[in-house]
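I opened a new page in my notebook for this structure. I want to write down what I looked up, one topic at a time.

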Amino acid sequence: MSGTNDPHVGLTRRTFLKTTAVAAGTTAVTGTVPLAALAAEGAPTGEEGEKLAHTGCMYSSCHQCIGEVVVRDGYAVEQRTWAKNPWAERPCAKGRTWIQRTYGEHRLRYPMRRVEGTPRGGGQWERITWEEAISQIAGQIKKTMAEYGPHSVAGVLAGQGGQGLLHGTQNGNLLTRLFNVMEWTTIIPTPDDAVAFGHQKVWGDYMYHVPQGMPPTATATVANVIWGLNTGVTFPNRVTNLLTGKQKGTKLVVVDPNYTFIASKADMWVRPRPGTDPALMMSLVQVIIEEGLHDSGFLLKNTVAPVLIRQDNGRYLRESDITGAPRPASNDESARGGSWQSDPVTCREPCAGLLEDNEDPCQVWDADANGPVSLYECANPLMSGTFEVNGIACKTAFDMLVERVAPFAPEEATKICEVDPETIREFARLCAKRYVAHDYGYGPQAFCNGAQVGTGLATLMCVTGNVGTKIGDVLWGNINGEFFYPTETSSPKIPLPCFFDTMDTGKWNGQDWPVKVLLLPGSGSSVGGGVDLKRTKSGILDRMDLIVSVDITLNEGPAYSDIVLPAATILEKSDMLLIDGYCVKYQDKSIEPLYECKPDGEFVRLLAEAVGAGAHFKQTDDEFMEMALDTERYHAEGVTLERCKAENLISLKGPYVVPKTYSFRTKTKKAEFYLDYPVCKYDAGYEYDFDEEHLIRYYEPYVASPENPQMKEYPFVLLGHRTYEMYHTQYWDVNWLRETLPEPTVDINPEDAQARGLADGQYVEVFNDQGHAVAKLVYSSGVRPGVLSYAVGWRSADFKAENWVELLTSKYDPLSQTSSYSDAIADIRAWKEG
């Protein structure tokens, strides 16, 4: 393996003189640096005695578990499970290593600047002060804004640095407030947004956690269906509930091309060809309808199933089509601003075009009146039939769905997804039962057809009526908008996949959009964990006048930056997490920040003051938290800052996205499996097939498809898998975890390997026309033939050569604008060093 990018390598003499040598020996607490050695670096020494703190992970995409931390004489000495945790959370292996990370040898300790004249990524740094760093950053920002405008300063706001209200780095914190005040461009990483966007089209709700009966309610279900999620690795806390459910008779179904840990526990393992989950979902819907297993009552009452669809243009039949009155603008794209997107954190603006539909209501066919009637006034609508109104031929939305899925009968669908027809039928009959819960991972949606996974799953749930049941209600929380918008200005947003085009053309949505300064607060994985690494560096990073990173260690993004600032770990700051509206977590500060590290929110305050926005950041941390909680929702549930600090975790009760009235967050207030006017997530003039996007549809992945002639040259589909040890280029610095996963690996079916003369454990080169990576080969009979499954999360410095990210496409679906990590192909061969 190559050496790691140690932040102390390449430092100038100025830095060296201030760097304290680490004393020899180890401790049982950290496994690396003796606690006594930290005193010379300014570790707290005045706090005597022992105390107990409650804190935990703040990263996105997990439970953000809270555990107990024992602090003795100012040092964190033990992490353990919080016995009285209301959710019985048990932090995973990564979550139990924060003491080692905090005191680790690879910790960033001081602000650093790339030595002038050396290349980015060259590893040559000089130590500077916080004052010097903020002055240089602010100076460049002011200069850039004066020449190019506020949008020329951009930042990748991602959850890898945490989701805390004060110190988080994803949308929903003080950093968001600063970007809104300054009107800087927010670059949104969208590796996992395709399925959410697909759901949003149907439910009208942006959030990932749609009404699908996710664990911990798993024991109340007839079946739990897991789509492309290796639960035991990615969400360990869910496994107990799933297995407890199995003991009580709940069926477990896992849909995954590979035989994973959770697949080994399944009653039914369904193994589709990678990238074909939408076709499988359409086949399930076809079987359910053909066999009469669909829930007609739910469809009629709670979805747009009876709405009449014009056959000339695919739009809803409206009252204006009958009366001849002018069609209101609210029925068209202009009413939504050309986009589905609103603020997902505050719900400040309605999601998915939440406009009243009563000014020109859509029509259904009333069996009693034998004619068209408003959807909202009809007592006896027909769900099926062909009708003519004012010379306009119409069919119901339900019949349009029937037609769409008709070509996906199991015998035909198997030609696409390669799942046995009888398995599809058995699977469909199980899905049709009441109280079936669906959970999903990000694997199936990591293709260029990924949005159809979300739409397909939502459609399946509509057809079966498994929505809004006792296992399907989902909470929605609001944060006081004043927290984010003190000046009523907003940060423009560009999805990261689209940012490549913006940098190439200098435009976004037809406007000039030069970007010259890039901030990477805790989001270094957008470089080393993104797509098309060469294009990322040459097309984005190399075009910047200044790149600034804030992080705990020298990850991929910081290693390629101009200025790197040391961030506090979760042990060194207190913060609040408002998690999707179903709970509030308050995390204690366990110890004072070590070295010259600062919490992210303090960096935001310093930068805000330096760029002239300091007046909007005068409130204390407590005042900001009280401001965020100042909403009707939190008042109704008795949530106060004092209570948060006392209890650490407060579960919330309501309201629900789907209450018993089944009022969805759509324009019609119904589940819209048929869309009247489908639009892009962010409308920036992209071309898309409007006529096809009214309903769930299937099309082949752009790259990982047998229809792609390049697959003759690169016959393997390249799929990433999560591990117990890594998370988005984080945790590479933890010795305990590196003992079990010391270097990058790639799994292969033994038959595929042996056909190429490749031995288990040897180093191999995985390559395509974009790049290559070298890793250790691992035989795994659970890997589907024709698939290479690689462990994600590694930095380039951890490889013998290059990086997985070199091989991944930057192509994306114009509707969901999501990175297509799994839509990649490659070949493999033995590697000879040198």
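**Entry 1: the whole chain**

I noted before anything else that this is a predicted model. I counted elements in the protein chain and got 24 helices and 31 strands. I then looked up burial: of the 834 residues in the protein chain, 63% are buried. The accessible surface of the protein chain comes to about 29,300 Å². Carbon and sulfur atoms own 49% of that surface. For contacts, I took those between residues at least 6 apart in sequence, and 74% of them join residues at least 24 apart.

**Entry 2: helix H5**

I picked helix H5, which covers residues 194–203. How many of its ten residues are buried? I found ten of ten, and I put H5 down as mostly covered. The buried residues include Phe197, His199, Lys201 and Trp203. I noted that Lys201 and Gln200 are on the buried list along with Ala194 and Val195. Next I asked what covers the buried residues of H5. The cover includes strand E16 (436–440) and helix H14 (451–464). Just after H5 comes Gly204, where I read a positive phi of about 80°.

**Entry 3: the sheet with E11, E15 and E14**

I moved on to an open sheet of three strands, in the order E11-E15-E14, with antiparallel pairing. Strand E11 (308–310) and strand E14 (386–389) each have a single partner strand, so one side of each is left without a neighbour in the sheet. From one strand to the next the twist averages 40°. Between E11 and strand E15 (residues 392–396) I found three bridges. Which residue of E15 is the bridge partner of Ile309? It is Lys395. Helix H11 (residues 397–405) lies across E11 and E15, and its angle to E15 is about 75°.

**Entry 4: the sheet with E23, E24 and E25**

Another open sheet of three strands has the order E23-E24-E25, and its pairing is antiparallel too. The edge strands are E23 (575–579) and E25 (649–651), and each pairs on one side only. I wrote down an average twist of 10° from one strand to the next. E23 is joined to strand E24 (residues 583–587) by five bridges. In one of the pairings, Leu577 has Lys585 in E24 as its bridge partner.

**Entry 5: aromatic rings**

A pair of aromatic rings is described by the distance of the centres and the angle of the planes. I searched the whole structure and got 16 aromatic pairs. In one of them, Phe617 and Phe624 are 6.5 Å apart centre to centre, with 55° between the planes, and the pair is tilted. Phe617 has 5% relative accessibility, so Phe617 counts as buried. Phe624 has 0%, so Phe624 counts as buried as well.

I also looked at Phe799 and Trp804, an edge-to-face pair with 5.8 Å centre to centre and 85° between the planes. Both Phe799 and Trp804 are buried.

Back at Phe617, I found that ring pairs link Phe483, Phe484, Tyr485, Phe617 and Phe624 into a cluster. Arg177 lies over the face of Phe617, at 5.6 Å from the ring centre. Elsewhere I noted Arg829 over the face of Phe767, at 3.7 Å from the ring centre.

Technical notes:
Residues are numbered from 1 along each chain as its sequence is written. This is a predicted model: local features need pLDDT of at least 70, side-chain atom pairs count only at pLDDT 80 or more; totals for chains, interfaces and linings use all residues. Side-chain values use heavy atoms; hydrogens and water are left out. Rings of Phe, Tyr and Trp (its six-membered ring) pair if their centres lie within 6.5 Å; planes under 30 degrees apart count as stacked, over 60 as edge-to-face and the rest as tilted. Buried means under 20% relative accessible area, exposed over 50%, partly exposed in between (1.4 Å probe, protein chains only). A charge sits over a ring if NZ of Lys or CZ of Arg is within 6 Å of the ring centre and within 35 degrees of the ring normal. Two strands pair if DSSP finds at least two bridges between them. Helices (H or I, at least four residues) and strands (E, at least two) are DSSP runs, numbered from the N terminus. Axes are lines fitted to C-alpha atoms, for helices over the stretch in contact, and angles run from 0 to 180 degrees between N-to-C directions. Contact means heavy atoms within 4.5 Å. Accessible areas come from the Shrake-Rupley method with a 1.4 Å probe; for residues, only the protein chains shown count as cover.
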